[in-house]
Every structure is written in C-alpha cells, then in structure tokens.
Amino acid sequence: MSKSLNIMANSLRLTLQELKVNKLRTALSLTGVAFGIFCIIGVLATVNSLERNIQNEVKSLGSNTIYIDKWEYSGGPDRPQWKYRARPNMKIEEADMIKQRSALLDDISMLLRTGGSIEYKDDVISNSSVYGITEAQMTVQPINFEYGRFFSNSEFNSGSNVCLIGFANAEALFGNTERALGKQIDVKGRKTTVVGVIRKEGKNFIGWDYDNCIMLPYKYCKQIFPIEWSNPVLIAKGKEGVTPTALINELTGIMRQIRRIAPKQEDNFSLNSVEAFSKAISESFVMLNVVGAVIGGISLIVGMFGIANIMFVTVKERTPVIGLKKAIGAKKASILFEFLMEAALLCIIGGAFGLFFVYILTLILSGPLKFPVYISVPMLVTTVIICIVVGILAGIIPARRAAKMDPVVAIRS
C-alpha cells in the first residue's frame, strides 16, 4: 500500500513538473479533455436540471390527477386534430355524475380556460388568461395566495362578480399587489371585485399561467365567456393510495356510461394522466443526453490522443531514468503503473478545468438567465471515472513500451 502511495506521489510530482516545463504542449493536449468534460457534464447538468424543474411542476399537479378532456395532450400524427375537435365538450353535469358513481375519486373540478382583456381605470391588459373554476379547485389543485382569500360557497353558488388576480397582473394594474384587494376591475365590461392575489409562481410547461391570469367563479365566468369557446376540462383527483391506472380504468367506464357509448364505439373523450406527462418528459430528454454524450465523447477522443502524445514524449525523455529504475530492481508492473497513473492525473487535471467551465455556465444560467442548474455528486464521481478511464486508455501503449524497455539499452540512450 505504501509503495503504491509512493508511486502516486512521485507520478503527481513528475506530472506537475511536466506542466511547468512544457506549458504550451500540455495546455493544448489538455484542451480536448477539458472541452469533452465540459460538453458531457455541461449538457447532462443543464438537461437534468431542466428535467428536474419540469418534473417538479408536474408533481405540483398531483401524482394521481387525471385531466378529462376532448383533446389528447400527447398529440402525434396518429391523432388527427379534426377528430378531437368534433368531440363534445366536457359538461359540469358530467362532473357531478362522476363524483356520484366513482369509488376511487377524492374530488373533481370543472375548469374553463379562455382569454380576454382586463382594465382598471386607464390601464389595460389585453392578453390575460381567464380561468373559470369550481369549489373543488382548492382540493384538486390548491392555490397559494399572496394576499386575500379564496371564493366563498355563496359566491360560487350565486355566481358573484368576484375574482382572483395573478401576481403579475396585480402588479401591472396597481403597482403594489396588496392594493389590488377590494378594487373593481373591468372584465369584458363587467365590474368585478378582486378578493385575492395569487402568489407569484411563473408559467409552467403545460400552459398554466397563474401570474398573468384572473380566476372567476364558474357560474360567473360562463355568463361572460361562451362555454363552447372556453376549452372546458374536468380535473379528477384520486384518493390517497389510488394508482393512476386504477383511476383511469374506473373513469373510462363511468364516462362511457354517462355518454352512452356502445361497446364497439371508441371513446369520444381523453383521459390525460399527470404520470403520463412525467414519463413522456423523461423519454424526451433521453435523446438530448445521448447527443451531449456523443459530442463530449468525440472531444474526449481528441483529448485522449493529446494525452497519448504527451506520454510518448515523456517516455522518450525519461528513457535513461527508466533504465536506471529497472537496473536497480524496479518491476515492469511498477513502471506500467507509474505511467498509467501519470496519464490519469493529466486527464483529471483536464477534467478539473472542464468542471470549472461548467461551474461558470451554471453561474450564467442561474444568475442573469434565472434558470437554476444543479451539479450533483454523481456527476462529479462520473467525471473522475471518465478521466481515469480516458487516461488509462491514452497511456496504456506508452506505459507498456516503457515497461518493456531493456535497462542496458535504456541507460545508453
């Protein structure tokens, strides 16, 4: 053990000496390794961080939440849009019947999704998202408030002219979001009182835009916006412990009963699972990881030849030293291990520069671009392993040549 540590320490000393003596040659050779590590770890870190952020948004929708809609969210060439457009819209009565017949359902809400302008005095927001919601919305997908409250049961039942407003909309209309409470805004010419300000959340990947929205009680929303043009959807949440598959199977049977669909007829509705979103996201990111690995792999191959070149030159320069070591009893394995360790150390140094550039990339993305990027411990371990493997592959031929040298010939050279 002590002998191996001594060889490692000696290899590190000689490697650092090489860096000092031949700065330009070493820098050019290490560039390939550094760029390869930057490509591989940079792409993996960015893609994994993007996937993690999106998966967190998906999880916030609920792991056992099903969107019942006439549209198939996954899309694709085998899912023609004209076919889904001809399907009937979701109805509030269907939500009530599903709740009565389902044994696995926790709750179900009706959601209208449209857009329109909102006004306050001389200020106008022309492209605000408008959501019409029912009482179950807080159970199915809880809303976080910065100020104010949720609608009361009486406001839902009577279709009162009240609303919840997104953080960005409140800031744009009132400057200070807290000032929005109690104010009346115009929604398609109807005076509507703000009772709550939704906490700032940002727009997520499936299109929810809480910051730039207003939410209205369902009965009030359908008075202002025609239901047939408001993309109605039912959002069903299963009970604790119920799997998405079980919930989908039950909802499929119930919806077919409600719509009186014959056994040989296909469904005229779609059940879109949040779990399916998550799986589709993971699959879509596989190719990005592969592309990054290929680009980084090509760069590492270039870097490997650079390291091999350094090791060939190093063996040539140290030939008399190798001869002396073998003359006083050094074994082939010791010589081989020494040069392989030196090649691996060179790659680790190159990898360290690559990681430094990745760190700079994370600062840029996390700072000005507001996109958090994470470098995990497994990625750091992967970097070290890649560098060691590349170093061994690059140094194996020069190291074997050094180990096989005849001591007399090596000393004379």
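Me: What counts as a contact here, and how many of the contacts between residues at least 6 apart in sequence join residues at least 24 apart?
Reply: Contact means heavy atoms within 4.5 Å. In this predicted model, 76% of the contacts between residues at least 6 apart in sequence join residues at least 24 apart.

Me: What makes up the chain, in helices and strands?
Reply: The chain has 14 helices and ten strands. Of its 413 residues, 46% are buried. Its accessible surface is about 21,200 Å², and carbon and sulfur atoms account for 60% of that.

Me: Why is D209 called buried?
Reply: Buried means under 20% relative accessible area. D209 has 12% relative accessibility, so D209 counts as buried. D209 sits in the loop between strand 7 (190-198) and strand 8 (213-217).

Me: What makes the pair D209 and N212 a polar contact?
Reply: A polar contact needs a pair of N or O atoms within 3.5 Å. The side chains of D209 and N212 make such a contact at 3.2 Å.

Me: Why is N231 called partly exposed?
Reply: Partly exposed lies between the buried limit of 20% and the exposed limit of 50%. N231 has 38% relative accessibility, so N231 counts as partly exposed. N231 belongs to the loop between helix 8 (218-224) and strand 9 (233-238). Its phi is positive, about 50°, although N231 is not a glycine.

Me: Why is R260 called exposed?
Reply: Exposed means over 50% relative accessible area. R260 has 74%, so R260 is exposed. The residue lies in the loop between helix 9 (244-258) and strand 10. R260 also has a positive phi, near 55°, and is not a glycine.

Me: How do you know that strand 1 and strand 10 pair?
Reply: Two strands pair if at least two bridges are found between them. Strand 1 (residues 65-69) and strand 10 have four bridges, in the antiparallel sense. Y67 has N272 of strand 10 as its bridge partner.

Me: Which way do the residues of strand 10 point, and are they buried or exposed?
Reply: In strand 10 (residues 270-273), S270 and N272 point one way, L271 and S273 point the other way, and all are buried.

Me: What describes the packing of helix 11 and helix 12?
Reply: Helix 11 (residues 319-327) and helix 12 (residues 332-366) pack at an angle of about 145°, and their axes are 10 Å apart. Their crossing is right-handed. I322, K325 and K326 of helix 11 meet K332, I335, E338 and F339 of helix 12.

Key: Residues numbered from 1 in each chain as written. Predicted model: local features only at pLDDT ≥ 70, side-chain atom pairs only at ≥ 80, totals over all residues. Heavy atoms only, no water. Helix = DSSP H or I, 4+ residues; strand = E, 2+ residues; numbered from the N terminus. Buried < 20%, exposed > 50% of the residue type's maximum accessible area, 1.4 Å probe, protein only. Polar contact = N/O pair within 3.5 Å; in protein donor to acceptor, adjacent residues only side chain to side chain. Areas by Shrake-Rupley, 256 points an atom, 1.4 Å probe, with all protein chains shown as cover. Axes fitted to C-alpha atoms, helices over the stretch in contact; angles between N-to-C directions. Left-handed = near helix turned anticlockwise from the far one by under 90°.
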